[in-house]
Amino acid sequence: MTSKLKVNIIADSGDNAIMTSDGSGTLTLNNAALKNTPAFFARLSSNQSISSDTSTKIQVDTEIFDSDNKYDNSTNYRFTPTIAGKYFVFAGVRFDNQISQATMRAELSFNGSIIGSNFLAANDSSTNKDYTIEVSCIQIFDSNDYIELFAQSDASGSQTINGDSTNKTYFGAYRIIGA
C-alpha cells in the first residue's frame, strides 16, 4: 500500500510559507532557519607573494558565490556572517615552487587570533615542488565576529601563493543548521 501527500506549500500557523514546490519536484526553503546560509566560497585570482616567516593575510578576491553578501573580497578579505550560529569554515593554500626544506602553514584567524592551522614540513631532496595545505574548523560566531585566511612559510625569500581559475587557493564557510 502506498500513501501520498501532495502539497505545493507547507505553511506555519501564521500562514507563512516555510517550504514551496514548483510542481516539478523543485523545493524552495523559505525559512532562513532551514538554510545553510550565510555561505560563501571564494578563490585567489592571481598569485600573491608572502615574505619568509611572516603570517600574511591571503587576499582571496574572487567570489564563486556569496549567498548573503557577507564576504568582503575587496579590502578586508574576511567573512562576517552577522548571524549568530555554528559555521563550518574551510580553506586551502597552494604554495608554489617551494624549496626542499620548508615548513608551510595555512591559518584561520577568528577576530584577529589564530584558531586553526595546518602545516606541512617539506623534507625532500627535490626543489620547486608545489604543496596545498588545507585547514578547516567548526566555529561559533556571534553577530559581529569575523574570520580571515593567513599563510606563512619559513623558506628564505618571498614565496608564491598560487592564484588562478582552478581554485588552487580557496576560502569558504557555511552555517550549520540544527547544531
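**Close-ups of a predicted model**

**View 1. Thr 169 and its backbone contacts.** The backbone nitrogen of Arg 94 sits 3.1 Å from a polar atom of the Thr 169 side chain, a polar contact (a pair of N or O atoms within 3.5 Å; within protein, one must be able to donate a hydrogen and the other to accept it, and residues adjacent in sequence count only if both atoms are side-chain atoms). The Thr 169 side chain also has a polar atom 2.6 Å from the backbone oxygen of Asn 162. You'll find Thr 169 in the loop between β15 (159–161) and β16 (170–175); strands here are DSSP runs (E, at least two residues), numbered from the N terminus. Thr 169 counts as buried because its relative accessibility is 0% (buried is under 20% relative accessible area, exposed over 50%, partly exposed in between; 1.4 Å probe, protein chains only).

A word on the model: it is predicted, so local features need pLDDT of at least 70 and side-chain atom pairs count only at pLDDT 80 or more, while totals for chains, interfaces and linings use all residues. Residues are numbered from 1 along each chain as its sequence is written, and side-chain values use heavy atoms, with hydrogens and water left out.

**View 2. Ser 74 in its loop.** Ser 74 belongs to the loop between β8 (71–72) and β9 (78–79). With 51% relative accessibility, Ser 74 is exposed. Ser 74 and Phe 171 are 97 residues apart in sequence, and their C-alpha atoms are 14 Å apart in space.

**View 3. A three-stranded open sheet.** The strands line up in the order β1-β2-β3, with antiparallel pairing (two strands pair if DSSP finds at least two bridges between them). β1 and β3 (27–29) are at the edges with a single partner strand each, so one side of each has no neighbour in the sheet. From one strand to the next, the twist averages 15 degrees (axes are lines fitted to C-alpha atoms, and angles run from 0 to 180 degrees between N-to-C directions).

**View 4. Two hairpins, strand by strand.** Three bridges link β1 to β2, and Ala 11 faces Ala 17 in β2. Five residues separate β1 and β2 in their hairpin, where Asp 15 in the turn has a positive phi of about 65 degrees. Three bridges also join β2 (residues 17–21) to β3; Met 19 has Leu 29 in β3 as its bridge partner. That hairpin has five residues between the strands too, and Gly 23 takes a positive phi near 90 degrees.

**View 5. Leu 5 ahead of β1.** Leu 5 lies in the segment before β1 (9–11). Its relative accessible area is 76%, so Leu 5 is exposed.

Methods
Helices (H or I, at least four residues) and strands (E, at least two) are DSSP runs, numbered from the N terminus.
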